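Hi everyone, thanks for coming along. I have a structure to walk you through today, so let's bring it up on the screen.

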Amino acid sequence: VARNRVEKSLQHAYVGRKLKKRVNRTAWIAQINAGAMQYGVPYNSVIHGLNKNGIQLNRKMLAELAENEPFSFEAVIAHIKDTVSTSKKPSVLKDVGYSGMALGNLPPDIPEKEKIRLPEDRTIYSL
């Protein structure tokens, strides 16, 4: 019985070591994203810019810079901003004047007769 418990505990320890790596990587990515968004650059642009410029900083060190060395992290972000465009492509729906599914704001291709009225002026669209 004791031998079975020891073997099972070793299996849990093995899985725990793998999970720890996954959790740490997720935390680093969150820290990098939070730091980069202060300068208007999303996480994926930061990583793409690092790879494009040949800067070999791993996620652990980037997270450390974002948390403890804001001026150094800002310098890295400024270097990345020069090579990576952070502007998003315009939406096709925005081009035709559609700005979302707010009440009374129909997409351009849904006719008025397909609107379904609910109490309290909640509107649902049937497609």
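I'll start with the overall layout and then stop at a few places along the chain.

Please keep in mind that this is a predicted model. The protein has five helices and two strands, and along the sequence they follow the pattern α-α-α-α-α-β-β. Of its 127 residues, 21% are buried. The protein exposes about 9800 Å², and carbon and sulfur atoms supply 56% of that area. As for contacts between residues at least 6 apart in sequence, 48% of them join residues at least 24 apart.

Let's go to helix α1, which covers residues 2–37. Which side chains meet in a salt bridge here? They are those of Glu7 and Arg3, with an N to O distance of 3.4 Å. The structure holds one salt bridge, and this pair forms it. Side chains of opposite charge can pair when their charged atoms come close. Both residues lie in α1, four residues apart, which is about one turn of the helix. Glu7 counts as partly exposed because its relative accessibility is 39%, and Arg3 counts as exposed because its value is 64%.

Further along, have a look at Lys20, also in helix α1. Arg17, Lys18, Lys20 and Lys21 form a positive surface patch. Is Lys20 buried or exposed? Lys20 has a relative accessible area of 53%, so it is exposed, as the cut-off for that word is over 50%.

Next comes helix α2, residues 43–53. Its buried residues are Tyr43, Ser45, Val46, Ile47, Gly49 and Leu50. What do they pack against? The answer is three helices: α1, α3 (59–68) and α4 (70–83). Just after α2 you'll find Gly54, which takes a positive phi of about 75°.

My last stop is Thr83, in helix α4. Leaving aside residues up to four places away in sequence, Thr83 touches Lys52 and Asn53. Thr83 and Asn53 are 30 residues apart along the chain, and their C-alpha atoms are separated by 7.8 Å. Thr83 itself is partly exposed, because its relative accessible area is 31%, which falls between the cut-offs of 20% and 50%.

Terms used: Residues are numbered from 1 along each chain as its sequence is written. This is a predicted model: local features need pLDDT of at least 70, side-chain atom pairs count only at pLDDT 80 or more; totals for chains, interfaces and linings use all residues. Side-chain values use heavy atoms; hydrogens and water are left out. Patches are made of residues with over 30% relative accessible area and no salt bridge: like charges are joined within 9 Å, nonpolar side chains (Val, Leu, Ile, Met, Phe, Trp, Tyr) within 5 Å. Accessible areas come from the Shrake-Rupley method with a 1.4 Å probe; for residues, only the protein chains shown count as cover. A salt bridge is a side-chain nitrogen of Lys or Arg within 4 Å of a carboxyl oxygen of Asp or Glu. Lys and Arg count as positive and Asp and Glu as negative; His and the chain ends are not counted. The place of a charge is taken as NZ of Lys, CZ of Arg, CG of Asp or CD of Glu. Buried means under 20% relative accessible area, exposed over 50%, partly exposed in between (1.4 Å probe, protein chains only). Contact means heavy atoms within 4.5 Å.
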